[in-house]
Amino acid sequence: MANFMKKNKLISLISNNFKKLDHVKTLVLVGSANNKKIFKNMDFLVLTNTLVPEKKTFKELEYFFFKKYKNCYSFKIDNVLINISLMTINEFDTHFNEALNGRAHLSYHNWCLGYFIPETFLADISESTIIFQKKPNFFDEYVKKVINYPINLDSLIINNCLIDLKEKELLFIKAIKTKDNIAILTAIIEIFSISFRALSAKKKVYYKGLFSNYETNFNEYPKIKKILIKLKTKKTNFGTMEYLMKDFLLEVKKILNK
């Protein structure tokens, strides 16, 4: 676990490593370390103007190297996991604009658990802390675009989610008929995730994943809450589960189509 003092110490260490590298233009703190007093990991986004061999970029951090996945590098420093996502400015700009248009970006980032969900990426940018930017106001311009929920993003997400829900509902019904418990569970999780994502968009709130947004939606819509309580607390047979999920989907669609 890390606290505020250790956080500042680690930020300084990481910043000093990258600031002196000519090809590194921006360092940004993203993820939960921005808003939690106690945290287990720190996540950084490093933007470069060109592709440079990783050995040159991480030369002074090599001793702390832990693992790598695609363009995300992890280091263990003072028992804190440091995740650093390395991207060129052009790559970042492409991902950012795809996300603004409601499209998923394919690169995985440890600092973005819902990496396939565009608005999760945007939420991280909106809540980020700029450690340094060598070009004045460069990264600020991206933050300005997402500090408030982007215009039209809600309708793009809702329309896509309504299409996805039709597909998942058919999969759920098929799983019920074949009594395939794994397929039933998978379909239910996907239906919940898509539904809560769409309900978040309806409120113009960034969706950060099923568990992050579950409680808000659970408490805000009484009819949905009633259905979920039945699913959560009762020992339901296949027939009852199918009935409750159909009610859930009807209520979600009714809210989204208002």
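1. Contact here means heavy atoms within 4.5 Å. On that basis, and setting aside neighbours within four places in sequence, Thr88 is in contact with Leu47, Thr48, Thr50 and Leu51. Thr88 lies in strand E5, which spans residues 80-88. Its relative accessibility is 10%, and Thr88 therefore counts as buried, the cut-off being under 20% relative accessible area. The model under discussion is a predicted one.

2. Overall composition. The chain contains 10 helices and six strands. Of its 258 residues, 48% count as buried. Among contacts with a separation of 6 or more, 62% are accounted for by residues 24 or more positions apart. The accessible surface of the chain comes to about 14,200 Å², and carbon and sulfur atoms contribute 56% of that surface.

3. Burial of helix H4. Helix H4 covers residues 118-126 and is mostly covered, with nine of its nine residues buried. The buried residues are Pro118, Glu119, Thr120, Phe121, Leu122, Ala123, Asp124, Ile125 and Ser126. The charged residues Glu119 and Asp124 are thus included in the buried set of H4. The cover over these buried residues includes strand E1 (24-30), strand E2 (41-48), helix H3 (89-100), H5, helix H6 (153-178) and H7.

4. Packing of H4 on H5. The axis of H4 comes within 8 Å of the axis of helix H5 (residues 138-146), and the two cross at roughly 120°. That angle makes H4 oblique to H5. The crossing of H4 past H5 is left-handed. On the H4 side the meeting residues are Leu122, Ile125 and Ser126, and on the H5 side Phe139, Val143 and Val146. By class, this contact has five nonpolar residues, one polar residue and no charged residues.

5. Ser126. Which residues does Ser126 contact, leaving aside its neighbours within four places in sequence? They are Val143, Val146, Ile147 and Tyr206. Ser126 belongs to helix H4 and is buried, with a relative accessible area of 12%. Its C-alpha atom is separated by 8.3 Å from that of Tyr142, a residue 16 positions away along the chain.

6. Packing of H9 on H10. Helix H9 (residues 222-233) and helix H10 (residues 238-256) pack at an angle of about 160°, with their axes 10 Å apart. That makes H9 roughly antiparallel to H10. H9 passes H10 in a crossing that is left-handed. The contact draws on Lys223, Ile224, Ile227, Leu228, Lys230 and Leu231 from H9, together with Met241, Leu244, Met245, Asp247, Phe248, Glu251, Val252, Lys254 and Ile255 from H10. These residues divide into 10 nonpolar, no polar and five charged.

7. Packing of H6 on H10. H10 also packs with H6: their axes come within 11 Å and cross at roughly 170°. H6 and H10 are therefore roughly antiparallel to each other, since angles over 145 degrees fall in that class. From H6, the residues involved are Ile158, Leu162, Leu165, Glu169, Phe172, Ile173 and Ile176. From H10, they are Phe238, Met241, Glu242, Met245, Lys246, Leu249, Val252, Lys253 and Leu256. The contact comprises 12 nonpolar, no polar and four charged residues.

8. Most residues other than glycine have a negative phi. Asn79 is exposed, with a relative accessible area of 70%. Lys204, although not a glycine, likewise has a positive phi, of about 60°. Lys204 is placed in the loop between H7 and helix H8 (210-220), and at 46% relative accessibility it counts as partly exposed.

9. Thr186. Is Thr186 buried, exposed or partly exposed? Thr186 is partly exposed, with a relative accessible area of 39%. Its place is in helix H7, which covers residues 181-202. The C-alpha atoms of Thr186 and Leu171 are separated by 9.4 Å, the two residues being 15 apart along the chain.

Terms used: Residues numbered from 1 in each chain as written. Predicted model: local features only at pLDDT ≥ 70, side-chain atom pairs only at ≥ 80, totals over all residues. Heavy atoms only, no water. Axes fitted to C-alpha atoms, helices over the stretch in contact; angles between N-to-C directions. Helix = DSSP H or I, 4+ residues; strand = E, 2+ residues; numbered from the N terminus. Parallel < 35°, antiparallel > 145°, perpendicular 65-115°, else oblique. Left-handed = near helix turned anticlockwise from the far one by under 90°. Buried < 20%, exposed > 50% of the residue type's maximum accessible area, 1.4 Å probe, protein only. Areas by Shrake-Rupley, 256 points an atom, 1.4 Å probe, with all protein chains shown as cover.
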